[in-house]
Amino acid sequence: MSDCVFCKIVSKDIPSDIVYEDEMVVSFRDLEPQAPVHVLIVPKKHIKSLNDLAPEDKDLLSHVMVDVIPELAKKFKIADNGFRVVINTGVEGGQTVEHLHFHLIGGRSMQWPPG
Ligand code: 5GP
Ligand code: ZN
């Protein structure tokens with residue numbers, strides 16, 4: 001997607017502070033961090049949102065959950081104290097970038113429910 005900011009980060013046309021990369025995803029620090037640790041995990045494939053997943057995306061989602069998030073939680077030393085994973089979806093979900101992404105947020109106490 002030529003006009004998608006996260007596709008441009010994936011292709012390195014826009015710089016970012018990359019903390020992890022493999023064949024399926026790239027992870028980089030959020031531009032406006034909401035906590036001491038705030039990274040985004042972004043599939044290299046352009047998927048608009050959770051509403052746009054296809055059956056063939058199952059491997060990608062389990063890879064993020066089973067491999068990438070635990071590795072990053074360990075890397076940033078937030079696994080033991082806990083962290084939050086957020087997938088904002090659509091207008092009322094607060095999604096501002098229309099390329100599926102997982103926020104991994106930690107390093108401070110958080111409240112529930114969110115605003
Ligand atoms: P959303 O609201 O769509 O769930 O989250 C989008 C996130 O992407 C926001 O937290 C925002 O700060 C971050 N973001 C938007 N544009 C850029 C960018 O160009 N670089 C980086 N590193 N983060 C971005
Ligand atoms: Zn994209």
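Mentor: Start with a rule. Two strands pair if DSSP finds at least two bridges between them. Keep in mind that this is a predicted model.

Now apply the rule. Strand β2 covers residues 25–29, and strand β3 covers residues 37–43. The two are joined by 5 bridges, so under the cut-off of at least two they pair. They run antiparallel.

Look at single positions next. F28 stands opposite L40 in β3.

Step back to the whole sheet. Its 5 strands come in the order β1-β2-β3-β5-β4. The sheet is open, and its pairing is antiparallel. At the edges sit β1 (18–21) and β4 (83–86), each pairing on one side only. From one strand to the next, the twist averages 20°.

Return to β3, which sits between β2 and β5 in that order. β3 is mostly covered, with 6 of its 7 residues buried. As a general point, side chains in a regular strand alternate between the two faces of the sheet.

H101 is counted as buried because 23 C-beta neighbours fall inside 10 Å, and the cut-off for buried is 20 or more. Leaving aside neighbours within four places in sequence, H101 is in contact with F6, L40, I41 and V42. L40 is the residue that F28 stands opposite. The UniProt annotation "active site", from an unreviewed entry, covers H101; such annotations may be inferred rather than shown by experiment.

Now go to a helix. A73 belongs to helix α2, residues 58–75. A73 counts as partly exposed because it has 19 C-beta neighbours inside 10 Å, where buried needs 20 or more. Not counting residues up to four places away in sequence, A73 touches I78, A79 and F83. From A73 to F28 the sequence separation is 45 residues, and the C-alpha to C-alpha distance is 13 Å.

Last, the ligand. Around ligand 1 there are 14 residues, and L31, E32, N88, T96 and V97 come nearest. By class, this shell holds 6 nonpolar, 5 polar and 3 charged residues.

Notes
Residues are numbered from 1 along each chain as its sequence is written. Chains are lettered from A and ligands numbered from 1 in the order in which they are written. This is a predicted model: local features need pLDDT of at least 70, side-chain atom pairs count only at pLDDT 80 or more; totals for chains, interfaces and linings use all residues. Helices (H or I, at least four residues) and strands (E, at least two) are DSSP runs, numbered from the N terminus. Axes are lines fitted to C-alpha atoms, for helices over the stretch in contact, and angles run from 0 to 180 degrees between N-to-C directions. A residue is buried if 20 or more other C-beta atoms lie within 10 Å of its own, exposed if 12 or fewer, and partly exposed in between; C-beta atoms are placed from the backbone. Two residues are in contact if their C-beta atoms, placed from the backbone, lie within 7 Å. A residue is near a molecule or strand if its C-beta atom, placed from the backbone, lies within 6 Å of it. Ala, Val, Leu, Ile, Met, Phe, Trp, Tyr, Cys and Pro count as nonpolar, Asp, Glu, Lys and Arg as charged, and the others, Gly among them, as polar.
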